[in-house]
Amino acid sequence: MNGFQIVVCGSLVPDPLQTLEPVTTPQGPGLKNETMLPSVLDPWSAHALYEAANLAKQTAGSKVYLVSLGPKAKLQQLMMTVAQKVPFELVALDGSASGFTDAHGVAAALADAIAAIPGLDKSRLLVFGGCASASRDAGVTMQLVCERLGIRDFFAGVDEIKMAEDGSFAVLERIEGGEYLASTCKGAPAVLAWATGNLPEPPNNPQVGMANMRGVMPSLMKAKPTPAGVGGIAYEATEIPPQKRQTRIVKDASTDEIAKEIVEWINN
Amino acid sequence: MSKTLALLHTQADGSLPKAALETLTAAASLGQPFDVAILGAGASAAADAVQGCGAAAFHTVDDPAVAQPRYATDAAAATALIQASGAELVLAPGTSRFARSLPGAAHRVGAQIDTHIVALNAEGGAVRAQRWFYRQRILGAFSRAARPWLLLLDTGVFAPWQGAAGAANAQAVAVAFTDDDRRTAVTGVQKPAADAQTIRPDAKLLFVAGAGWTKKQKDGQFHIGEAGALILDFLGKAQASLGSSKSLVDIQGEGQETLTFMSHMNQVGQTGSTPRHPKGIATCCHGEEPHAVGWRFINERRAVNLDPNCGWAQGKADVLYVADAFEVMAKVNALL
């Protein structure tokens, strides 16, 4: 085997600790101060990236690409941290990373970018991504990319991939009730949408960062403008429903009293 | 009104999952004629089981190729069923099987698709849907003019359909599966051991454990073994489902000693699940994600932790008990 070409699709999302407030813009719904919000690499995509790097490390001759659609300036900021994690080559697309964009348009842009990677060899191609984004959270983009690339094998909610000598692999996908669907696939090409996988976040490695940044800056410079918008979605309202509860704070009760109250509540 | 199809699948035993019955209720709620299409083992018998749902026609694919959930064959079968029905609006349950395969089917029939639908209504011939964005933080209402339009419904939103069985006279739809559709082979389902099964979607109570269980306690010592025993004892007695904060499962990934029965599968919140349970209790948990995101669909919420000013419990929980969770849960277990 000559190793895999592992293409990871992943973009930026607002830091989960930020408070989000919807606003209406000429392009459709958006977030208040969206350009100012601190961003992180979409968490499930990040897991996919770490799994990709781990697989590439185990399979000689493999290479990892990160295809990322987002505002160029914010992608540059994001790469200052992400690029220190694992080795990859960035393919940047300059466009909106909003959660309100239509997955169909985003998938078309990602598939076109993947297909345009120089020297792409489908017989060695594994496309990774998150099982859903923390922004749109639709869980459909990777399947649409899969179809657009003409790939027949797709796996969702992946937590494990085990490669065999002959290029085939076994996959565990999350299904209902805390169970896994176990499958085997004859080999690449395939698309895998990852859940959390089993790897911790790699520590920052300045040497990896320096090596990556040599390719990151040129990629950002030539990032293709990509008009990802709301597509055919007609939004009527976006809102944060009131969720404030009147919390009763119990701080002077004995352990016995608290336990009794909890048990009564459970049993009612 | 668009021609509507309720697209369902069977389970391994040939029955329809609860989520499929919920989809029938949703289809009927639109107040317009609809067809039912079912794929999977025993699809014809499953159609008979829901014959009384009011569908105008039934279509099925029960080829051995769709006996197991597999992307390529499921997408091909769903494509054939949608095309056979001529449906412009397709409602389907948001099960793992359909969440995996229906986006592919949507592409093949030139349809738009939206998922995680939590509300649906049709007024004046227009269909409107609601779903959450940014992981249950922003609720959006929207519609699409393009057809066909596939909508995957979140489970627990509609009541399961109940009604009489009968002869559905389902029309079998032929699908030309290719060898390429069978490159993937399902080898089975991996279930946790019965005593290790801590995720129970139908449980009345969600118990969320935070990282505090693995921190030094007031005697300056770790009590991780005791924490594990207390939690497992409670789960067994209350038949609760176990959730975890991200920080707790991350500890395990970082190689530190933690609760051995806890995995990323238990995680609720931003990169975890958003389960639906009538009640939930969080312990030793201070993060935003369990309270704001993971608890979005928990009706009654209580929390036990040592910080009366916990910003994420206050305003998110109905009751906050300021107490030592080790002591409280030991007493709770004794009473249960």
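Which residue in β10(B) is the bridge partner of A:Ser183? The legends below start with the answer, and every view comes from a predicted model.

**View 1. A:Ser183 at the meeting of two strands, one from each chain.** The partner is B:Val186, in β10(B). A:Ser183 itself belongs to strand β11 of chain A. Strand β11 (residues 179-185) of chain A runs antiparallel to strand β10 (residues 184-190) of chain B, and 6 bridges hold the pair together. Not counting residues up to four places away in sequence, A:Ser183 touches B:Thr184, B:Ala185, B:Val186 and B:Thr187, along with A:Phe155 and A:Val171. Is A:Ser183 buried or exposed? A:Ser183 counts as buried, because it has 22 C-beta neighbours inside 10 Å, where 20 or more are needed. If you look for A:Met79 from here, its C-alpha atom is 34 Å from that of A:Ser183, and the two are 104 residues apart along the chain.

**View 2. The contact between chain A and chain B.** Chain B brings 75 residues to this contact and chain A brings 68 residues. On the side of chain B that touches chain A, 36 residues are nonpolar, 20 are polar and 19 are charged.

**View 3. Two strands named β15, one in each chain.** Strand β15 (residues 248-250) of chain A pairs with strand β15 (residues 319-322) of chain B in the parallel sense, over 3 bridges. Here A:Arg248 stands opposite B:Val319. β15(B) also pairs with strand β14 (residues 298-305) of chain B, again running parallel, through 4 bridges. In that pairing, B:Ala303 stands opposite B:Leu320.

**View 4. An open sheet of 10 strands with mixed pairing.** Follow the strands in the order β14(A)-β7(B)-β6(B)-β5(B)-β8(B)-β4(B)-β1(B)-β2(B)-β3(B)-β9(B). Which strands stand at the edges? They are β14 (233-239) of chain A and β9 (171-172) of chain B; each has a single partner strand, so one side of each is left without a neighbour in the sheet. Within the sheet, strand β5 (residues 112-123) of chain B runs parallel to strand β8 (residues 149-153) of chain B, joined by 4 bridges. B:Ile117 has B:Leu153 as its bridge partner in β8(B). Strands of a sheet pair through backbone hydrogen bonds, either parallel or antiparallel.

**View 5. B:Ala6 in strand β1 (residues 4-9) of chain B.** B:Ala6 is buried, because 29 other C-beta atoms lie within 10 Å. Leaving aside neighbours within four places in sequence, B:Ala6 is in contact with B:Thr23, B:Leu24, B:Ala27, B:Phe34, B:Val36 and B:Leu91. B:Leu151 is 145 residues from B:Ala6 in sequence, with 9.8 Å between their C-alpha atoms.

**View 6. B:Leu81 and the largest nonpolar core.** This core has 146 residues, and those with the most contacts inside it are A:Val8, A:Leu110, A:Val145, A:Leu192 and B:Leu81. Helix α3 (residues 71-85) of chain B gives the most to this core, with 10 residues. Leaving aside neighbours within four places in sequence, B:Leu81 is in contact with B:Leu7, B:Ala37, B:Leu39, B:His59, B:Val61 and B:Val173. A second, separate core of 44 residues includes A:Ile258, B:Met262, B:Cys285 and B:Ala313.

**View 7. A helix and a hairpin of chain A.** Helix α1 (residues 43-58) of chain A has 16 residues and reaches 23 Å from its first C-alpha to its last, close to the 22 Å expected. Why can this helix be called largely enclosed by the rest of the structure? The reason is that 13 of the 16 residues of α1(A) are buried. In the hairpin, β3(A) and β4(A) have 2 residues between them. Strand β3 (residues 22-25) of chain A and strand β4 (residues 28-31) of chain A run antiparallel and share 4 bridges. One of the pairs to look for is A:Val23 with its bridge partner A:Gly30.

**View 8. The two domains of chain B.** The domain assignment places domain 1 at 4-182 and domain 2 at 194-335. Their centres, taken over C-alpha atoms, are 35 Å apart. Chain B has 8 helices and 15 strands, and of its 336 residues 56% count as buried.

Note on methods. Residues numbered from 1 in each chain as written. Chains lettered and ligands numbered in written order. Predicted model: local features only at pLDDT ≥ 70, side-chain atom pairs only at ≥ 80, totals over all residues. Domains from an automatic or database assignment. Core = buried A, V, L, I, M, F, W, Y, C linked by C-beta atoms within 7 Å. Buried ≥ 20, exposed ≤ 12 C-beta atoms within 10 Å, placed from the backbone. Contact = placed C-beta atoms within 7 Å. Nonpolar A, V, L, I, M, F, W, Y, C, P; charged D, E, K, R; others polar. Pairing = 2+ DSSP bridges. Expected span 1.5 Å × (residues − 1).
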